[in-house]
Amino acid sequence: MFEGFERERIQTSETEIELVRGGEGPPVLLLHGYPQTHAMWHLVVPRLAEDFTVVAADLRGYGDSSKPFGEEDHPTYSKRAMAGDQAAVMESLGLDSFAVVGHDRGGRVAHRMALDYPDRVTKLAVLDIVPTRHIFETVGKELATAYYHWFFYIQPYDLPETLIGGNPSYYLRKKLGGWGTSLETFTQEALAEYERCFDTATIHASCEDYRAAASIDLTHDGKDQDEGHKVECPLLALWGGRGVMERLYDVEAVWREYATDVRGKPLDAGHFLAEERPKETIRELKEFLGE
């Protein structure tokens, strides 16, 4: 994977972030979701790199990036802290302004980046999510059933860590094979990467990611909402037409409550768009990013 791309490890003030970089043109930062790594973009980046400088990074707590132990009140894995990592990475690479594409958890970090760094984020694409605050405000039986992990992972340390750690490969595969996507979608090389990186430290970090989402992130999001802050740059929402978001939300309409310039559409996929429908994902991203 990522032939012709440079692999780098960037030291920020708080973490070290693993990434690959390649291509030429306007810069684009790609952020992965749970329970994956930057490897999720391996089918997308060769085509994007034809027109853009592409950076695909591991989030704090995932892949080969630093995995600090969580603190009380969960600031270590707040989306603000995770977004700060990635902003520092792009600055260290000499990329002062850039577009951001985020899937799943990466989409939530990207959303926070667009709010916290409006002078740097030129465009935002979010894959198969609606905002975190909206999820918690509208949760019902069907959402809680499909996204049970949101409420499992936020239980106090170390209950979810211990249970997931009992058979991490089994649990990882169950998550990847859910939400409308077949496990057979993933290449063996990508699946091996996800399994390699789904270690004890990642399991804890990912639980902290969700704990932060249910606590400190809601505080940050609430302050933005109270002060009328919205994403000002153009926003593209893509989601799986066979997934949970399509069933439960008018995704484009929801994002219009949180951003001023929104467009979106479903793709014929489950949750993992970039690996299930790479050609369609590439087409939509290229059209949006190239405008």
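How many residues does helix H15 have, and how far does it reach from its first C-alpha to its last? That's point 1 below; the other points go through the rest of this predicted model.

1. **Helix H15.** This helix covers residues 278-289, which makes 12 residues, and it reaches 16 Å from first C-alpha to last. That is close to the 16 Å expected at 1.5 Å a residue. As for burial, Pro278, Thr281, Ile282, Glu284, Leu285, Lys286, Phe288 and Leu289 are buried in H15. Note that Glu284 and Lys286 are on that list.

2. **Overall build.** The protein chain has 15 helices and eight strands. Its radius of gyration is 17 Å, close to the 19 Å the globule rule gives for 291 residues, so the chain is as compact as a globular protein of that length. If you want a box for the C-alpha atoms, take roughly 45 × 40 × 40 Å along the principal axes.

3. **Burial, surface and contacts.** Of the 291 residues in the protein chain, 58% are buried. The accessible surface comes to about 11500 Å², with 49% of it belonging to carbon and sulfur atoms. Now take the contacts between residues at least 6 apart in sequence: 77% of them join residues at least 24 apart.

4. **Aromatic pairs.** The structure holds 17 of these. One of them is Tyr147 with Trp150: the ring centres are 6.0 Å apart and the planes sit at 20°, so this pair is stacked. Both partners are tucked away, with Tyr147 counting as buried at 5% relative accessibility and Trp150 counting as buried at 3%. For another geometry, look at Trp255 and Tyr258, where the centres are 6.4 Å apart and the planes are at 70°, so the pair is edge-to-face. Trp255 counts as buried at 0% relative accessibility, and Tyr258 is buried too, with a relative accessible area of 11%.

5. **Two cis peptide bonds.** The bond from Tyr34 to Pro35 is cis, with omega near 0°. Pro35 belongs to the loop between strand E3 (27-31) and helix H1 (45-48). The bond joining Tyr157 and Asp158 is cis as well, with omega about 5°, and here the second residue is an aspartate. You'll find Asp158 in the loop between helix H6 (148-152) and helix H7 (159-165).

6. **Positive phi at two aspartates.** Most residues other than glycine have a negative phi. Asp73, which is not a glycine, has a positive phi of about 75°. Asp73 lies in the loop between strand E4 (53-57) and helix H2 (79-92), and it is exposed, with a relative accessible area of 56%. Asp128 is not a glycine either, and its phi is positive at about 60°. Its loop runs between strand E6 (121-127) and helix H4 (132-138). Is Asp128 buried or exposed? At 2% relative accessibility, Asp128 counts as buried.

7. **Val54.** This residue is in strand E4 and is buried, with a relative accessible area of 1%. Leaving out residues up to four places away in sequence, Val54 touches Phe5, Val20, Arg21, Gly22, Val28, Leu30, Val45, Leu48 and Ala49. As for Thr12, it is 42 residues from Val54 along the chain, and the two C-alpha atoms are separated by 19 Å.

8. **Helix H11.** This one covers residues 216-226, and its buried residues are worth a glance: Asp217, His220, Asp221, Gly222 and Asp224 are buried. What covers them? The cover over the buried residues of H11 includes H2, helix H3 (105-116), H4 and helix H10 (200-213). After H11 comes Gly228, with a positive phi near 75°.

Terms used. Residues numbered from 1 in each chain as written. Predicted model: local features only at pLDDT ≥ 70, side-chain atom pairs only at ≥ 80, totals over all residues. Heavy atoms only, no water. Phe/Tyr/Trp six-rings, centres within 6.5 Å; stacked < 30°, edge-to-face > 60°. Buried < 20%, exposed > 50% of the residue type's maximum accessible area, 1.4 Å probe, protein only. Helix = DSSP H or I, 4+ residues; strand = E, 2+ residues; numbered from the N terminus. Expected span 1.5 Å × (residues − 1). Rg over C-alpha atoms; globule rule 2.2 N^0.38 Å. Contact = heavy atoms within 4.5 Å. Areas by Shrake-Rupley, 256 points an atom, 1.4 Å probe, with all protein chains shown as cover.
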